[in-house]
Amino acid sequence: MSKLSLVLNTASKDPTLCGSNAYRGSPYSARYELMRTRILPGVRDAGFDEIIVCGVFEPGEGYLYVPMQPRRRDRRDALHQRDLGAAYTTGDILVFCHDDHLPGPGFAEKLKVLAEDPSWDLLVPRRLHGITNAELNNGREGTYMGGHCLAMRRWLWAEVPWTSVDTEWWDCAMSRLWREAGGKIAWNDTLIHYDLEATEHES
């Protein structure tokens with residue numbers, strides 16, 4: 001059975017962001033509390049074989065913390081955090097997740113079963129509103145991978161790492177590169193993840 005590695009990228013303890021920057025109407029520092037009280041407790045015993053937290057956070061139990069200072073202080077930093085975090089993994093399947101998203105119940109167990117299906121190399125789960133459970137955009141309608149949370153076979157990341165592009169709008173650009181490398185992108189409704197910072201009327 002495949003080994004699953006979870007990589008959580010975060011800048012939630014960056015002092016230059018926590019006090020001033022706002023996202024979706026809430027301070028960026030709120031993500032530190034989400035990581036500490038919701039996301040890490042939710043994934044520690046969720047069946048992942050290893051958990052890597054990369055970026056600006058803190059060491060803790062049940063995960064390996066890989067520090068990385070921000071380079072651009074924009075969404076491109078997530079690309080560098082994901083690549084560095086992935087370099088510390090040993091799994092066959094890599095799950096990349098932002099610091100405001102939580103993999104749903106049974107995520108790892110379901111993914112280990114789905115890993116035996118050769119029809120995908122990159123799998124995008126359903127994205128649900130963290131309060132209302134409404135379904136949110138995950139790229140399926142635009143045929144690109146929604147980068148908030150996804151699973152990827154290790155070979156595809158190794159051949160086309162996240163830092164292959166230099167743009168804040170990397171979802172579409174990376175989807176094109178992965179397809180050009182022969183990667184098969186698919187969407188799956190049995191895997192879900194929750195957007196914990198989704199606004200009330202977000203779709």
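The model I am reading is a predicted one.

**Entry 1, backbone in two loops.** I looked up phi for Asn133 and found a value near 65°, positive in a residue other than glycine. Its relative accessible area is 46%, so I note Asn133 as partly exposed. I then turned to Thr143, which sits in the loop between β9 and β10 (149-153), and noted a positive phi of about 55° there, although Thr143 is not a glycine. Thr143 is partly exposed because its relative accessibility is 47%, and the class runs between 20% and 50%.

I located Asp83 in helix α3 (residues 77-87). Is Asp83 buried or exposed, and which side chain of opposite charge is nearest? I find Asp83 buried yet without a salt bridge, the nearest side chain of opposite charge being that of Arg82, 8.4 Å away. What I do find is a polar contact of 2.6 Å between the side chains of Asp83 and Thr163. With residues up to four places away in sequence set aside, Asp83 touches Thr163 and also Trp157, Pro161 and Trp162.

I checked the span of α2 (residues 30-44), whose 15 residues reach 20 Å from the first C-alpha to the last, close to the 21 Å expected at 1.5 Å a residue. I also recorded a kink of about 35° in this helix, centred on Arg36. The buried residues I listed in α2 are Arg31, Tyr32, Leu34, Met35, Ile39, Leu40 and Val43.

I placed Val95 in strand β6 (residues 93-98) and Ser5 in strand β1 (residues 4-10). Val95 has a relative accessible area of 0% and is therefore buried; Ser5 likewise counts as buried, at 0% relative accessibility. Beyond its neighbours within four places in sequence, Val95 is in contact with Ser5, Leu6 and Val7, and also with Phe48, Phe107, Leu111, Cys149, Leu150 and Ala151. On the same terms, the contacts of Ser5 include Val95, Leu94 and Ile93, as well as Glu50 and Thr89. For C-alpha separations, I noted 11 Å between Val95 and Gly85, which lie 10 residues apart along the chain, and 22 Å between Ser5 and Arg31, which lie 26 residues apart.

Conventions: Residues numbered from 1 in each chain as written. Predicted model: local features only at pLDDT ≥ 70, side-chain atom pairs only at ≥ 80, totals over all residues. Heavy atoms only, no water. Helix = DSSP H or I, 4+ residues; strand = E, 2+ residues; numbered from the N terminus. Buried < 20%, exposed > 50% of the residue type's maximum accessible area, 1.4 Å probe, protein only. Lys, Arg positive; Asp, Glu negative; His and termini not counted. Salt bridge = Lys/Arg side-chain N within 4 Å of Asp/Glu carboxyl O. Polar contact = N/O pair within 3.5 Å; in protein donor to acceptor, adjacent residues only side chain to side chain. Contact = heavy atoms within 4.5 Å. Expected span 1.5 Å × (residues − 1). Bend = angle between axes of the 7 residues up to and from the residue.
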